[in-house]
Amino acid sequence: MSRIKPSQLGAFVMNKMKWAMSAAVVVTMSVVGCGGESMSTEQQQLGSVVQNLGPNNEFYGSDTLKEALVAANVQSGAGLTIEGKGSSVGEGCLRNGSGTSCIGRQQTLAPMSRDFKAGTCAGGSASGGACCPGESSNVVALDAVNAFVSSSTYSALAGNSISTANLKKAFCGDGSGSATTCVSNWSALGRPTAGTIAKYRRDDLSGTTDTFKSLLGCTTFCADVVVIKDESSTNPSPCTTSDSATTCIGKLTANNANAIGYAGDSARRTGNAALKVDGIAPTAANVRKLIASNTSGVYPLSRKLFLNENVNYAKATQEQALYDWVYSTNTQDFEDLLVQQGFISCSTVSPLDCGGDLGRGAGVCKGL
């Protein structure tokens, strides 16, 4: 169980009180329907129960999408406090809670850099496969999980490329993190100049980490891989406590010729570059092949990005304002923000042309 830091105690107590008060309201709501007939639990919940956000309208989810959501929140005037922290935190806040961030279900929307996974739904029941009742996988863009290195290392590697096999060896060896199979020097990866590899990764709450591990076949990371966390004072210099984990990995790979780190496109900056993987560059055309009828030549670490929701619950006022801005009034503006952050639009024809209804229900969960 996570230990609550003293600095977190006030927010934790306030959050818990708000959750308890909301739960009490739900419990004491009238359960009599039209004509005096009693309503089932599902009937009481569907589209009618509003769960308060945190005391400062905290909105948790993908760190990869954090900067784009910060901008969308400002432009829409939604009044949310965009927290990032990872897709698993956002997913928990849609469901049964997430550590000290969300006490029980606290959101109906969550930006995520992966689709839903099997877990515990609101109320404590297990999900049916990956989906809890009402969950909709809403695809908003595409992204490459990039292997970022310094510009000098990018130029030094043959073909500006790393194989998936060598990327796996650097981060998790044979997949188990065994020290005898983990590679720790650039010379073993084909760089002409030797040097101890400085390896950086997102934490285990990250959807980017989920994607990276599943696509490469990693279960445990090598012991020398450093975990970078969102807005953490423990992150190495030149990162600051205001930096998201993605921004921090961008800085680290731009400032250290021996560094390598995986992150979404928004980590790109002057001084670093994203390697080709198996000779395939993470271009928009190669990433879009992920959703094409013919996926030949797709960038190996391509993925979808989501603004996931549960349609069975009414949105808080702030969430509704963001949702309406994204899907009703300013859809093109939202896509423009995503592209400005380095993400890839699903098509060049129309905004959020990601399948389904503006991408809604285009992933594994269909809002059922």
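**Close-up 1. Ser-88 sits in helix 4 (residues 87-94) of this predicted model.** Helices (H or I, at least four residues) and strands (E, at least two) are DSSP runs, numbered from the N terminus. Residues are numbered from 1 along each chain as its sequence is written. In this predicted model, local features need pLDDT of at least 70, side-chain atom pairs count only at pLDDT 80 or more, and totals for chains, interfaces and linings use all residues, while side-chain values use heavy atoms, with hydrogens and water left out. Ser-88 and Met-112 are 24 residues apart along the chain, and their C-alpha atoms are separated by 8.0 Å. Leaving aside neighbours within four places in sequence, Ser-88 is in contact with Ser-98, Arg-114, Asp-204, Leu-205 and Asp-210. Contact means heavy atoms within 4.5 Å.

**Close-up 2. Thr-208 is found in helix 7.** Thr-208 is buried, with a relative accessible area of 0%. Buried means under 20% relative accessible area, exposed over 50%, and partly exposed in between (1.4 Å probe, protein chains only). Not counting residues up to four places away in sequence, Thr-208 touches Thr-64, Ser-113, Val-145, Arg-202, Tyr-262, Ala-263 and Arg-303. From Thr-208 to Arg-303 the sequence runs 95 residues, yet the C-alpha atoms are 9.1 Å apart. Helix 7 is mostly covered, with 7 of its 10 residues buried. Among these buried residues are Thr-209, Asp-210 and Phe-212. The cover includes helix 4, helix 6, strand 8, strand 10 and strand 13 (302-310).

**Close-up 3. The largest nonpolar core has 41 residues.** A nonpolar core is a set of buried Ala, Val, Leu, Ile, Met, Phe, Trp, Tyr and Cys residues joined through side-chain atoms within 4.5 Å. Leu-167, Phe-171, Phe-212 and Ile-260 have the most contacts inside this core. Elements giving it two or more residues include strand 3 (109-112), helix 6 (164-172), helix 7 (207-216) and strand 10 (259-263). Helix 6 gives the largest share, 4 residues. Domain 1 (58-143 + 303-341) and domain 2 (146-284) both contribute residues, so the core lies between them. Those domain bounds come from an automatic or database domain assignment. Apart from this core lies another, of 25 residues, among them Leu-109, Ala-141, Leu-322 and Tyr-327.

**Close-up 4. Helix 8 (residues 245-255) is largely enclosed by the rest of the structure, because 9 of its 11 residues are buried.** Cys-248, Ile-249, Gly-250 and Leu-252 are among the buried ones. The buried residues of helix 8 pack against strand 6, strand 8 (198-202), strand 9 (225-228), strand 10 and strand 11 (272-274).

**Close-up 5. Helix 3 (residues 66-76) meets helix 10 (residues 317-329), with axes that come within 10 Å and cross at roughly 95 degrees.** Axes are lines fitted to C-alpha atoms, for helices over the stretch in contact, and angles run from 0 to 180 degrees between N-to-C directions. Helix 3 and helix 10 are therefore roughly perpendicular to each other; that label covers 65 to 115 degrees, with under 35 roughly parallel, over 145 roughly antiparallel and the rest oblique. Helix 3 brings Leu-69, Ala-72, Asn-73, Gln-75 and Ser-76 to the contact, and helix 10 brings Ala-321, Leu-322 and Trp-325. These residues divide into 5 nonpolar, 3 polar and no charged. Here Ala, Val, Leu, Ile, Met, Phe, Trp, Tyr, Cys and Pro count as nonpolar, Asp, Glu, Lys and Arg as charged, and the others, Gly among them, as polar.
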